[in-house]
Amino acid sequence: MSSENFSVTDCERCPALCASRSRIVNGTGPADADVLFVGEAPGANEDERGEPFVGRSGDVLDEALLEAGLDRETVRITNCVRCRPPDNRDPTGEELSNCREYLEAEIAAVDPAVVVTLGKVPSEHMLGRDVAVTKEAGDLTDVRIAGEPRRVLVSVHPAATLYDRSQRGTFDETLAAAADLAGVETGGGGQSRLGEF
Ligand code: URA
């Protein structure tokens, strides 16, 4: 791992992922971003291009970021697991724990004001408990990650808004709250659409 950009270049900890990946997909965005998004794992598009969230989910994320007064160039985007699981299955517990060190190093180095977890797998991975994402979206929890205090904001996964349009409002509100927590002016007087945190 390079300490400069926390990129992993040669990991072989997960045999199944080494076999299924085309490349390792590292996080993107500024090394001092105020908002850090954590997804689950790269899909086919991400595996092909070597960047997180560049397929349909990425389009939704980009759109919602702009709505919230943020944009991809100003936020950090990464995943719990850096290699595409075969057939887009969920990463196993062992794969999540093998990759955890890289995620923790990235969070520690970026030191964001808020970590936004996109969907069930990253929310449970960061909070260390079961999470009902649709119920808990927008909830902010103070936790320790690698011994440091962090603020974790649960979000629905952008792909969920494609299957269920009613989740788009929740997603937009959560991103507006993330912008507030990061001190970004959203055009709404700086007030969260979710209310005060
Ligand atoms: N879904 C994720 O969780 N991560 C990506 O990088 C792309 C889609």
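Strands E4 (residues 140-145) and E5 (residues 148-155) run antiparallel and are joined by 6 bridges. The model that shows this pairing is predicted. Within the pair, valine 143 has arginine 150 of E5 as its bridge partner. In a regular strand, side chains alternate between the two faces of the sheet.

The hairpin of E4 and E5 has 2 residues between the strands. Alanine 146 lies in that loop, between E4 and E5. The phi of alanine 146 is positive, near 50°, and the residue is not a glycine. Most residues other than glycine have a negative phi.

Glutamate 136 belongs to helix H6, which spans residues 133-136. The relative accessible area of glutamate 136 is 15%. That value is under 20%, so glutamate 136 is buried. Leaving out residues up to four places away in sequence, glutamate 136 touches Arg129, Asp130, Val131 and Val154.

Rolling a probe the size of a water molecule over the atoms shows where empty space is left. The structure holds 1 cavity of 30 Å³ or more. The largest cavity contains about 110 Å³ of space. Its lining is made up of 16 residues. Nearest the centre of the largest cavity lie Cys11, Cys14, Cys83, Cys99 and Tyr102. Two elements, helix H1 (15-20) and helix H4 (93-110), each give two or more residues to this lining. H4 gives the most, with 4 residues. By class, the lining of the largest cavity holds 10 nonpolar, 1 polar and 5 charged residues.

The largest pocket has a volume of about 370 Å³. It is lined by 18 residues, and Ala41, Pro42, Gly43, Glu46 and Ser57 are the closest to its centre. Helix H2 (44-49) and helix H3 (56-67) are the elements that give two or more residues to the lining of the largest pocket. H2 makes the biggest contribution to the lining, with 3 residues. The lining of the largest pocket divides into 6 nonpolar, 7 polar and 5 charged residues.

Confidence in the prediction was then summarised. The mean pLDDT of the protein is 92. A value of 70 or more is reached by 91% of its residues. Over residues 188-197, pLDDT stays under 50. For residues 188-197, the model has 20 contacts beyond four places in sequence.

Terms used: Residues numbered from 1 in each chain as written. Predicted model: local features only at pLDDT ≥ 70, side-chain atom pairs only at ≥ 80, totals over all residues. Heavy atoms only, no water. Pairing = 2+ DSSP bridges. 1 Å grid on protein atoms, 1.4 Å probe; cavity = no way out; pocket = protein on both sides within 12 Å on 5 of 7 lines; lining within 4 Å. Points joined across faces, edges and corners; volume = space filled by probe spheres on them. Nonpolar A, V, L, I, M, F, W, Y, C, P; charged D, E, K, R; others polar. pLDDT = per-residue confidence, 0-100. Contact = heavy atoms within 4.5 Å. Buried < 20%, exposed > 50% of the residue type's maximum accessible area, 1.4 Å probe, protein only.
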